[in-house]
Amino acid sequence: MTGETMKFRLKYVVEDTDRHGNVRLYFRRQGRKVRLRGPAGSPEFLEDYKKAAAGTLEPAKKGNGVGQVVPRSIRWLCVQYYKSAMFKELDPRTQKVRRAILERFCQHKGDGDKPFGLLLPRHVRVRRDEMSDRPEAANGTVKALRQLYRFALRYDLHDDNPADKVEYLKGNPDGFHSWTLEEIAKFEEVHPIGTQARLALALAIYTGQRRSDLVQFGRQHVRDGWLVFTQHKGRNRNPVRMEIPIIQELQRIIDQTATGDLAFLVTAFKRPFTSNGFGNRFRKWCDEAGLKDCSVHGLRKAAAARLAELGCTEQEIMAITGHRTSKEVTRYTRAASQKTRAESALRRMSGEQS
């Protein structure tokens with residue numbers, strides 16, 4: 001028992017040290033053990049002790065990801081964030097992913113019980129560097145903490161954002177693998193017109209949309225030969241309304257493929273795919289074609305790159321992909337733009353020599 005606890009001479013209080021070296025205080029009597037908030041002697045500790053002695057303090061439920069929350073701790077801040085409109089207005093999938101990242105951060109070395117006001121940039125960097133073998137996951141943690149502390153700033157719970165001062169790790173600068181013409185031809189050879197796989201490929205190539213949009217496309221979105229829809233990403237905060245012409249090849253493939261009522265792409269049970277379910281199914285289609293490095297997101301990149309090769313401007317490409325800024329489009333089309341400029345430059349040189 002700590003000196004602080006001894007000073008108060010409280011019966012039935014014991015302390016345990018977990019595998020990370022964190023000291024936990026408990027009230028244990030007649031085989032019943034409940035967690036007490038620390039530190040020993042604090043108002044929160046005394047409040048829990050009185051409840052435990054009276055038998056009214058319930059043990060923390062296992063598996064709920066929260067348990068007893070230490071006031072003003074990082075986990076406490078997370079709980080406040082989850083209750084806020086700032087969090088609730090996020091897409092449900094984004095909520096799920098962000099909550100999972102923050103919970104993992106809280107569970108790591110007992111960080112969730114530490115005061116959120118004491119988190120410094122160097123602490124975030126240490127956590128980031130521990131995940132350096134997984135740069136995307138590391139950057140995801142930094143991003144989630146940035147959003148958590150932006151909430152704290154907005155709601156006047158804190159006056160600093162330590163994660164904003166932490167740099168992202170450099171991952172693969174080219175991002176997802178962009179499909180080549182040969183890889184597209186190989187996929188088409190294995191999956192002929194009339195199959196769901198071929199329809200999925202065509203929708204991705206000829207619309208340049210994300211998988212979350214591909215799975216929602218249906219005949220209700222077709223108006224006078226155009227696809228009219230609102231992009232799924234950011235639809236609740238910054239909706240992007242799109243109108244994309246359905247080119248002849250895409251229409252031909254749609255007409256020759258069995259589709260669902262409200263979605264072109266449906267499962268074996270005739271139900272629309274979820275975004276994750278479609279991603280998994282497309283992974284299998286790629287594997288069947290021997291395309292281990294290819295993904296459905298890589299087709300979005302390939303579509304943008306192909307438009308760049310055809311001489312489309314960034315603004316024209318953004319009108320198809322729906323990007324709000326040119327930053328991502330530039331990354332998608334860097335190689336294609338270089339190829340086009342090189343061809344143009346050498347053509348001029350050939351003309352001068354002639």
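Q: What makes the crossing of α13 with α14 right-handed or left-handed?
A: In this predicted model, α13 passes α14 in a right-handed crossing. A crossing gets that name if the near helix is turned clockwise from the far one by less than a right angle.

Q: At what angle do α13 and α14 pack, and how far apart are their axes?
A: The angle is about 150°. The axes lie 10 Å apart. Helix α14 covers residues 314-321. Angles here run from 0 to 180 degrees between N-to-C directions.

Q: How do you know that α13 and α14 meet, and which residues do so?
A: From α13 come R300, A304, L307 and A308. From α14 come I317, I320 and T321. Contact means heavy atoms within 4.5 Å. By class, the contact of α13 with α14 has five nonpolar, one polar and one charged residues. Arg counts as charged, and R300 is in the α13 part of the contact.

Q: Why are the buried residues of α14 said to line one face of the helix?
A: The buried residues are I317, M318 and T321. Down the axis of α14 they fall within an arc of 100°, so they share one face. An α-helix has 3.6 residues a turn, so residues three or four places apart point the same way. After α14 comes G322, with a positive phi near 85°.

Q: What does α8 show about buried and exposed residues?
A: E183, I184 and F187 are buried in α8. Seen down the axis of α8, these buried residues fall within an arc of 100°, so they line one face. L181, E182 and E189 are exposed, on the other side of α8. The buried residues of α8 pack against α9 and α12.

Q: What makes a set of residues a nonpolar core, and how many residues has the largest one?
A: The members are buried residues of the nonpolar kinds, joined through side-chain atoms within 4.5 Å. The largest such core has 35 residues. W179, F187, L203, F278 and F282 have the most contacts inside it. Elements that each supply at least two residues include α8, α9, β5, β6 and α12. The largest share, seven residues, comes from α9. Apart from this core lies another, of 25 residues, among them I74, C78, V124 and V142.

Q: Which residues does F278 touch?
A: Not counting residues up to four places away in sequence, F278 touches A200, R211, L214, V215, L265, F273, W285 and V296.

Q: Why is Y12 called partly exposed?
A: Its relative accessibility is 34%. Y12 sits in the loop between α1 and β1.

Q: Why is D156 called exposed?
A: D156 has a relative accessible area of 69%. Exposed means over 50%, so D156 qualifies. The loop between α7 and α8 holds D156.

Q: Why is E15 called partly exposed?
A: E15 has a relative accessible area of 29%. Buried needs under 20% and exposed over 50%, so E15 falls in between. E15 is in strand β1. Its C-alpha atom is 8.7 Å from that of F27, 12 residues apart along the chain.

Definitions and conventions. Residues are numbered from 1 along each chain as its sequence is written. This is a predicted model: local features need pLDDT of at least 70, side-chain atom pairs count only at pLDDT 80 or more; totals for chains, interfaces and linings use all residues. Side-chain values use heavy atoms; hydrogens and water are left out. Buried means under 20% relative accessible area, exposed over 50%, partly exposed in between (1.4 Å probe, protein chains only). Helices (H or I, at least four residues) and strands (E, at least two) are DSSP runs, numbered from the N terminus. The arc is that of the directions from the helix axis to the C-beta atoms.
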